[in-house]
Amino acid sequence: MESVYENAENILRYVVEFSTLLLEFFGICILVFTAVKCFIFWMKRDESIRLILAQGIALALEFKLGGEVLRTVVVREWAELGILGAIILLRATLTFLIHWEIKNEKRELGSKDEKSEGTSSTEDSNIKIELDGKL
């Protein structure tokens, strides 16, 4: 019975280690893809680059955080658990801050769009008033 328990524990450890590496690999791929995409947008002078980059970083951090949470399954010592807890806390804080930045960036981009729309509608109404006066 003890050998079955040890085999199950070893299988669990391998599954968790593989899953952790896979999640961290996905996070790295997302981050690299987002960086390349944002560099191209930067070359085109796109204004939404900060928002896209922040969203990519947030998604990559979510995958990395998922890997750290999985890693807690196979922790054997309190010191390891403390280190993992600190890493999880740090990544969760970074994710929170990035989501806050995304919200502010969306609001800022929205206000820029409203200003540009407001200017064009004011210009359109001025033109209409001028045309009405001439007719």
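## Helix α2

Let's start with α2, whose 23 residues reach 33 Å from the first C-alpha to the last, close to the 33 Å expected at 1.5 Å a residue. The expected span is 1.5 Å times one less than the number of residues. This is a predicted model, in which local features need pLDDT of at least 70, side-chain atom pairs count only at pLDDT 80 or more, and totals for chains, interfaces and linings use all residues. Residues are numbered from 1 along each chain as its sequence is written, and side-chain values use heavy atoms, with hydrogens and water left out.

## How α1 and α2 pack

The axes of α1 and α2 lie 8 Å apart, at an angle of about 170 degrees. The two helices are therefore roughly antiparallel (an angle over 145 degrees). Their contact is made up of 16 nonpolar, seven polar and five charged residues.

## The loop at Arg-45

Between α1 (2–43) and α2 (49–71) runs a loop that holds Arg-45. Arg-45 is not a glycine, yet has a positive phi of about 65 degrees. Most residues other than glycine have a negative phi. Arg-45 is also exposed, with a relative accessible area of 65% (exposed is over 50%).

The protein averages a pLDDT of 85 (the predictor's confidence in each residue, from 0 to 100). Over residues 127–131 the pLDDT is below 50. Where pLDDT is low, the predicted coordinates should not be read in detail.

How values were computed:
Helices (H or I, at least four residues) and strands (E, at least two) are DSSP runs, numbered from the N terminus. Buried means under 20% relative accessible area, exposed over 50%, partly exposed in between (1.4 Å probe, protein chains only). Axes are lines fitted to C-alpha atoms, for helices over the stretch in contact, and angles run from 0 to 180 degrees between N-to-C directions. Angles under 35 degrees count as roughly parallel, over 145 as roughly antiparallel, 65 to 115 as roughly perpendicular and the rest as oblique. Ala, Val, Leu, Ile, Met, Phe, Trp, Tyr, Cys and Pro count as nonpolar, Asp, Glu, Lys and Arg as charged, and the others, Gly among them, as polar. Contact means heavy atoms within 4.5 Å.
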